[in-house]
Amino acid sequence: MIYPKGRHPGAVWRKTDFQIHTPRDAGWSGSRSLAGGTEELEEARETWADDFVSACLQRGIGAIAITDHHDIVMYPYVARAIMRSPDARGKLWLFPGMEVTCNDSVQCLILFDQSTEYKVVERLFGKMPSIAAPDPQVEKAPQTQLCGRDLKDLIGDLFEDRSLRGKHLALPHASQGGHKDILRKGFHPRFAELEVDGVYNEKLYADLDSTTLKKIYGEISDWGDRRRGIITTGDNRKASYEDLGKNACWIRLGEPTAESIRQAVLADEARITYDKPTIPSQRVLELRINSSLTGADFQLTLNDGFNTLIGGRGSGKSAILEYLRFAIGRSIVDTADDESYDRERDLIRSTLTGGFVEVDLDRDGVRETWRRTLEKQGVILVTSEGVSPIELPIPIAQERFRARAFSQKQLSTMVRRPETADEQITGIAAAESVDRRRQAEQDIDDAERAVRAASQQLVQSWAAQAAYNRAEAVTADLRRRLEAVRARLEEGGLTAEQQEILDKHPVYNRMSAQFKDAQREIADKVQKVNAIGVVAVSGWEGLAELSPVAGAREAITRLNDRVGVAVSEIIEALAIAAEQIRDAEARYLIDYSKFNEQYGLANQAQSHLATQFADFQRITLDLQTAEANLHTADQARGKFATAEEALAVARNNMHIRLGNLREVLNEASKRVEAMSNGVLRAHVEEETVPHRFMEALQDLCERSNIRDLELRCQERVSAAARDNRQGWEELIHHLQRVRRSRVIRGDTADISPDDIADLKRALGWDLTDNQARSVLARLDDDRLGKLLSAWALPFIRFEYKDRGSYMAFERASPGQQAAALLTLLLNQEAGTLIIDQPEDDLDNRVIMQIVKLLQTTKRKRQLIFATHNPNFVVNGDADKVVALVPSVEPNASQSIPSAQVTIEDDGSIETPAVRDAITGTMEGGLDAFQLRGRKYSVV
């Protein structure tokens, strides 16, 4: 089929049935036979063909073969029916064919390219001495008879015919040794010598016994050591079509050709399945680039399986992958900061000015378009049908679309940068747990913020305690002074009655304040009660109408009704209380007014004590204010009564969240050994020098003229991090006590010798007093929160198995590291995997092991590789191959030429132009390939 360059879908899954009979077959049942010749009879044949095509579509079949016994008359009718049907045209592939019975009583299907002309298929009859082409007008073709040739001779003769070579495929019948079966007793030499790559049978694959499978797969030496693919068929001969597609077989096909089927049986583990295949839930559908390197209209459709970009040096393979990585937020500009990737960064910065990269993605059935530009490289514009466009920050985009991407030699150089190696290895090991890991990390971030908030609350509780202490001291002082003034009044002749009035004066003052406090508290309670709200019912709408669901909705509705009633009752009770307090205050004010008259008379009666009375009145007013302040400070202190406990709970919660992350990583590490085929094993460790501890301690101590500060901090943190972090807990306990002491005394207070001594004990350093003062001056609330919320990062560490024993992963050779990591990656199901030239990382002896793994991995996840190695493309059975070439075209704005990267050809391995590109680009040409074969004595 012809596609615009870049738009070939590659080899895609199609449900097939390659043994289908028509009413001309001798075994047909359920409807009348169909003769031909007259207009009416021909119309009946065309009608039958239309019905048959409709039946194929109803069963989801995408590729069929018409294979009547020794007859080819009916396939042109089906071909015309497909062209008449808009639903079938281009979607239902038809392979002309014939079922042949050879002289050794073995049946065989001969299939041809969809485009093969009728007269070419007719040449089959010239290969069968006992079979003449039947009359196309009669109702039935002749009964089955031997064709006059043994199977091996017939296959050999077909191959030697140049007009048929490459246009046909022979599939002998191989089932369980039954009638007309090549696996019959005594046929093992014939089967072993047979030059075929696949067989067919009319059974469900699950019904084939293990001995039969071993014979076909070359696992029993008497039957040969050549693996052959199995194609199951329905052998439908009924007008009801009940056997059509019955023994389901899905095949990845890239072209409607016999060669495409041959490629499938050659790589049957990758391209044939007997259960409905699953497509990766997240994948890249199409890539579009507008850049100075590719031009304004570079478009590339990607396959859901294994995609490979090929081409000579400088053809742009790495550039196209980097553009793709840029589009999904995983380019070098997003993930790497060392100088070894400057070339990739320069590519993006120098070629995308004024351009863009765009991808269409399938995310669990939702199709989205992501567009990213150099000018706004911090975000990706996401559009989807029926949804308003949004701009996603790169970290959010990375979470939204699951993928992993690696540049050239990245796998073999990962451990060369210790500061990033642990994180990258953890990311690879826990790739399948990425969602749980991200959630655990988000939970830790939330818990860290909660610790800092709780730390602030604790500091506020210290400040509230300090305020209470000050208010308490002022109140006590005023009370002592007021008592002294009263004593002087007694000495001056104050009567007992007057004394009683003076004693009542501060009490009346406190009562006035108390009325105001009660009214304010009631008003505050009204606001809080009004804020209670109800439990949302909206989230339950649209859920299944099951009894438990309905019961839950009813419970919430009843709760909300009761809450509403309770809130109303509380509000009413508060309103009543407020009114009663106002009434009580009014009555109190009458009494207070009378008391003030008595207080004034007592004051006048003792005019010689006027000065003492004035002092008494002034101090009483001051005491009134001080007691109000003390009350307020006590209330404030009460709000933070549980601050210390809350901080402990928050820190404990953070440790629980860290435990959850460790659990996720532990589960991932347990899978590493199996997924790496025993080459790796993994375990979870924590930082020996936690970087968050280091950052917090260095931030506290910097600018204090402490020599070798980084080394000191590293040693202190390393020591403090041992013994389950007890040393760190002791350190922050000392610092917390110092900070509390200063807050209680007031931040502006001088730093005390005790604080200095405590700090020196905490750090264990030989500091001068000035250095200690400088550090203590920096110990503010924010830095204390940073110290309290610091945590050690857990990560996965690998060990490499070499010659039966394990060693540290970093001691393995770069090739060993890359092979082990790639094996692990290919055994996972963790989103699209993008790798640039993996062969650069691998030893040649392990490439075929990786290639074998590719064949099964591409069923589970989308792979996108750029490669120079033909083993990846051919033996790895790439589903789509894109051949790139550099071309020189005139620059639109300048007279000098401008290099452009273009797509030379694309398609699957069976696409002729792609095969030519693979042979020329990757094998050095056909002559070189054949010469190597002769040198190896294999051709």
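Biologist: What pLDDT does the protein chain average, and what share of the residues score at least 70?
Modeller: The chain averages 88, and 94% of the residues score at least 70; pLDDT is the predictor's confidence in each residue, from 0 to 100. This is a predicted model, where local features need pLDDT of at least 70, side-chain atom pairs count only at 80 or more, and totals for chains, interfaces and linings use all residues. Residues are numbered from 1 along each chain as its sequence is written, and side-chain values use heavy atoms, leaving out hydrogens and water.

Biologist: Where is the pLDDT below 50?
Modeller: Over residues 890-897. Beyond near neighbours in sequence, that stretch has four contacts in the model (contact means heavy atoms within 4.5 Å).

Biologist: Helices now. At what angle do α14 and α23 cross?
Modeller: Roughly 130 degrees, with the axes of α14 and α23 (residues 781-788) coming within 9 Å. Axes are lines fitted to C-alpha atoms, for helices over the stretch in contact, with angles from 0 to 180 degrees between N-to-C directions. Helices are DSSP runs (H or I, at least four residues), numbered from the N terminus.

Biologist: Which residues of α14 meet α23?
Modeller: V451, R452, S455, Q456, V459 and W462. By class, the contact of α14 with α23 has five nonpolar, three polar and four charged residues (nonpolar: Ala, Val, Leu, Ile, Met, Phe, Trp, Tyr, Cys, Pro; charged: Asp, Glu, Lys, Arg; polar: the others, Gly among them).

Biologist: And α20, how does its axis cross that of α14?
Modeller: The axes of α14 (residues 434-491) and α20 (residues 709-745) come within 8 Å and cross at roughly 35 degrees. Among the α20 residues in that contact are R739 and V743.

Note on methods
Helices (H or I, at least four residues) and strands (E, at least two) are DSSP runs, numbered from the N terminus.
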